[in-house]
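Please read them with the structure open.

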Amino acid sequence: MANFDSNSFLANIKSSCQLLQVKIINQSINLSLSHMESKEAVKLLGFFASPFSFRVEWALRLKGVEYEYIEEDILNKSPLLQELNPVHKKVPVLIHGDKVILESFIILEYIDETWKQFPIMPQDPYDRAMARFWAKFAEEKFLMSACWAMCTEGEDKETYLKEAVECLEKIEQELIKGKSKFFGGESIGYLDIAIGWISYWLPVWEEVGSMTIVDPTRFPATAGWMENFCNHPVIKDKLPPRDKMVFYNQWKSKEIGAQRASARKG
């Protein structure tokens, strides 16, 4: 039987402990750097009536991220906005330390990947893909049709209104299929935040445009989701004043209507 070499054994133990200590130190450094990065100052350029700005604020608040909000005058855009977003010159703009992130959907994903608490994106790749699909659909089809319906009259209004209702039919089916309180399940997720404008902005547009898109008897799942979303503590405490919203959208509707009439004459 081979002799036990106690000195060699102790040397190996000491070497292993040193390696383990180095690994622990490196992990601590990486965690500290990650923590420092997420603790960098966060600022958001937005506009009080913009659903795109609000979806970013909702995500930050759900994550518990402290941020400084900077109100923009979209009719008299500041040099800061034009410098930070020279391509589109639009809100929202998220500033995280020395990084500038543009476009609300991209900002939402950046927030979710930077601050890991309270994940909003689905974990499953297919579910993530579908959430992005429906967010894009609601943005490009439903939102635009509903907004144009508010701003037009006559046959144009009827056309846009019909398109908006058809879009809502598809969203209603997704809610029915999910059988949950929110699109994200029993808690608010990416898609809820992305199309949260339906819950608050759409009723304002209906009032201003003297129209009905969300008929609760025809779209009970959507009506229930709207109520759940608006009553969520984070959302309820961060919604624009309705009277200001109505006034702004009345002005917006008249402006767009006048521009369309002028274009037709020209």
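1. Start with the strands. In this predicted model, strand S1 (residues 42-46) pairs with S3 in the antiparallel sense, over 4 bridges. Look for Leu 45: the residue opposite is Val 93 in S3.

2. S3 also pairs with strand S4 (residues 99-102). These two run antiparallel, and 4 bridges join them. Here Ile 95 stands opposite Val 100 in S4. S3 and S4 form a hairpin, with 2 residues between them. Gly 97 lies in the turn and has a positive phi of about 65 degrees.

3. Now the helices. Two packed helices are described by the angle between their axes and the distance between the axes. Helix H2 (residues 51-63) and helix H4 (residues 104-114) pack at an angle of about 5 degrees. Their axes are 9 Å apart. Angles under 35 degrees count as roughly parallel, so H2 and H4 are roughly parallel to each other.

4. Which residues make the contact of H2 with H4? From H2 come Phe 52, Arg 55, Val 56, Ala 59, Leu 60 and Lys 63. They meet Ser 104, Phe 105, Ile 107, Leu 108, Ile 111 and Asp 112 in H4. The residues of this contact divide into 8 nonpolar, 1 polar and 3 charged.

5. Val 56 deserves a separate look. Its place is in helix H2. Val 56 and Ala 194 are 138 residues apart in sequence, but their C-alpha atoms are 8.9 Å apart in space.

6. Why is H4 described as largely enclosed by the rest of the structure? Because 8 of its 11 residues are buried. The buried residues in H4 are Ser 104, Ile 107, Leu 108, Glu 109, Tyr 110, Ile 111, Asp 112 and Thr 114. Glu 109 and Asp 112, both on that list, count as charged.

7. Another helix pair is H6 (residues 154-178) and H9 (residues 220-231). Their axes come within 8 Å and cross at roughly 75 degrees. Angles of 65 to 115 degrees count as roughly perpendicular, so H6 and H9 are roughly perpendicular to each other. H6 brings Leu 168, Glu 172, Leu 175 and Ile 176 to the contact. H9 brings Pro 220, Ala 221, Thr 222 and Trp 225. The residues of this contact divide into 6 nonpolar, 1 polar and 1 charged.

8. Last, the chain as a whole. There are 11 helices and 4 strands. Of the 266 residues in the chain, 41% are buried. The chain exposes about 15,400 Å², and carbon and sulfur atoms supply 55% of that area. Take the contacts with a separation of 6 or more: 71% of them are between residues 24 or more positions apart.

Notes:
Residues are numbered from 1 along each chain as its sequence is written. This is a predicted model: local features need pLDDT of at least 70, side-chain atom pairs count only at pLDDT 80 or more; totals for chains, interfaces and linings use all residues. Side-chain values use heavy atoms; hydrogens and water are left out. Axes are lines fitted to C-alpha atoms, for helices over the stretch in contact, and angles run from 0 to 180 degrees between N-to-C directions. Angles under 35 degrees count as roughly parallel, over 145 as roughly antiparallel, 65 to 115 as roughly perpendicular and the rest as oblique. Contact means heavy atoms within 4.5 Å. Buried means under 20% relative accessible area, exposed over 50%, partly exposed in between (1.4 Å probe, protein chains only). Accessible areas come from the Shrake-Rupley method with a 1.4 Å probe; for residues, only the protein chains shown count as cover. Two strands pair if DSSP finds at least two bridges between them.
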